[in-house]
Amino acid sequence: MKRPNLIVLLACLLPLAGSVTTGWADDAEFDETRVIIEINGTDGDVGFHATFDADAWYNVQMHDPLDRKVFQEKAFGPLKTQGLTENFFESAEPLCLPDPEDEEELVVALAEFLDRFPAGEYILSGKNNENECLSGSAELTWNIPAAPDISETDEEEFDSAEDVVLEWAEGDNLGGKCDDGDLVSDGIIPAPGDVAEVGWEVVVEPDCDVDFDPERVFSAQLPPDYTSVTVPEEFLQSYLDEDCSEFKFEVGAIEASGNQTFSEGGFEIDD
């Protein structure tokens, strides 16, 4: 049963701190709302990401399915007068397992992470610069796709910039470090290999000890039936011209609600 949107109701009835609103406010909705889980299957870390967008707002709150306020952002002074629009944030991304080489690294097992961020409806409420009450919600699921298998291309040495084609395949786990068989066997999360991808994201950037300003990045989003991409020769050659021949790349599997799991690798061009 869907719970009443009490948080939004209170936000509409009671002006937020610092508001000069008097009387009743009209309702307005966010143009976009999304909350997702992102896992780096190679490094073995996990994070909570959120995106929301509306015209010229100055105060937004987020409450989780347990009605706990988990986020608030306010604009002040000239920024409040101007208003904010699109907002995106990422939580810190702690490791799922301890790193024996860095005992000070923050560790949060996947089961603990899911306790922190329960599946369900995350409520967004706030005020825009027209003194309207903003309302919206986003659904977080625990359907986490498997980390892509990038072994076909990882550590590949290509002959030239015109030959670089990255290939990958569907995976069957979260990369190893964030896998938790008990979560699957207890029915808390589906088996990652059973979670269907609706798309892939590929990112390529240089991996040299040089500070490029600006650093140029190649990025592509592809439908699920495409499992390879040709990296533009012009992009790669521009770095070869600057004596950088090593690159890192990541391939992300994206499921229907937006949850994504990435695998990271690298390649070199024998220039």
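Colleague: Where is P214 found in this chain?

Modeller: P214 is in the loop between β11 and β12. Strands (E, at least two residues) and helices (H or I, at least four) are DSSP runs, numbered from the N terminus. This is a predicted model, in which local features need pLDDT of at least 70 and side-chain atom pairs count only at pLDDT 80 or more, while totals for chains, interfaces and linings use all residues. Residues are numbered from 1 along each chain as its sequence is written, and side-chain values use heavy atoms, with hydrogens and water left out.

Colleague: Which form does the peptide bond from D213 to P214 take, cis or trans?

Modeller: Most peptide bonds are trans, and most residues other than glycine have a negative phi. The bond from D213 to P214 is cis, its omega being near 0°.

Colleague: What is the phi of D67, and where does D67 lie?

Modeller: D67 is not a glycine, yet its phi is positive, at about 65°. The residue sits in the loop between β4 (57–63) and β5 (69–74). D67 counts as partly exposed because its relative accessibility is 42%; buried means under 20% relative accessible area, exposed over 50%, and partly exposed in between (1.4 Å probe, protein chains only). E155, which is not a glycine either, has a positive phi of about 65°. E155 belongs to the loop between β8 (133–140) and β9, and its relative accessible area of 71% makes it exposed.

Colleague: How many disulfides does the count come to?

Modeller: A disulfide is a pair of cysteine sulfur atoms within 2.5 Å, and the count by this rule is 2. One joins C96 to C178, with an S to S distance of 2.2 Å. That pair links distant parts of the chain, 82 residues apart: C96 is in the loop between β6 (87–90) and α3 (110–116), and C178 in the loop between β10 and α4 (181–185). The link of C96 and C178 is right-handed, with 85° about the S-S bond. Both C96 and C178 are buried.

Colleague: Which parts does the pair of C208 and C244 tie together?

Modeller: The sulfur atoms of C208 and C244 are 2.0 Å apart and form a disulfide. C208 lies in the loop between β11 (199–206) and β12 (218–222), and C244 in the loop between α5 (233–240) and β14 (246–254), so the pair ties together parts that are 36 residues apart in sequence. This link of C208 and C244 is right-handed, with 90° about the S-S bond. C208 is partly exposed, as its relative accessible area is 23%, whereas C244 is buried at 1%.

Colleague: Which residue does the side chain of S160 join by a polar contact?

Modeller: A polar contact is a pair of N or O atoms within 3.5 Å; within protein, one must be able to donate a hydrogen and the other to accept it, and residues adjacent in sequence count only if both atoms are side-chain atoms. Here the side chains of S160 and D163 are joined by a polar contact of 2.9 Å. S160 is located in the loop between β9 (156–158) and β10 (165–167). With a relative accessible area of 22%, S160 is partly exposed. S160 and S245 are 85 residues apart in sequence, and their C-alpha atoms are 9.8 Å apart in space.

Colleague: What is the mean pLDDT of the chain?

Modeller: pLDDT is the predictor's confidence in each residue, from 0 to 100. The chain has a mean pLDDT of 91, and 90% of its residues reach 70 or more.
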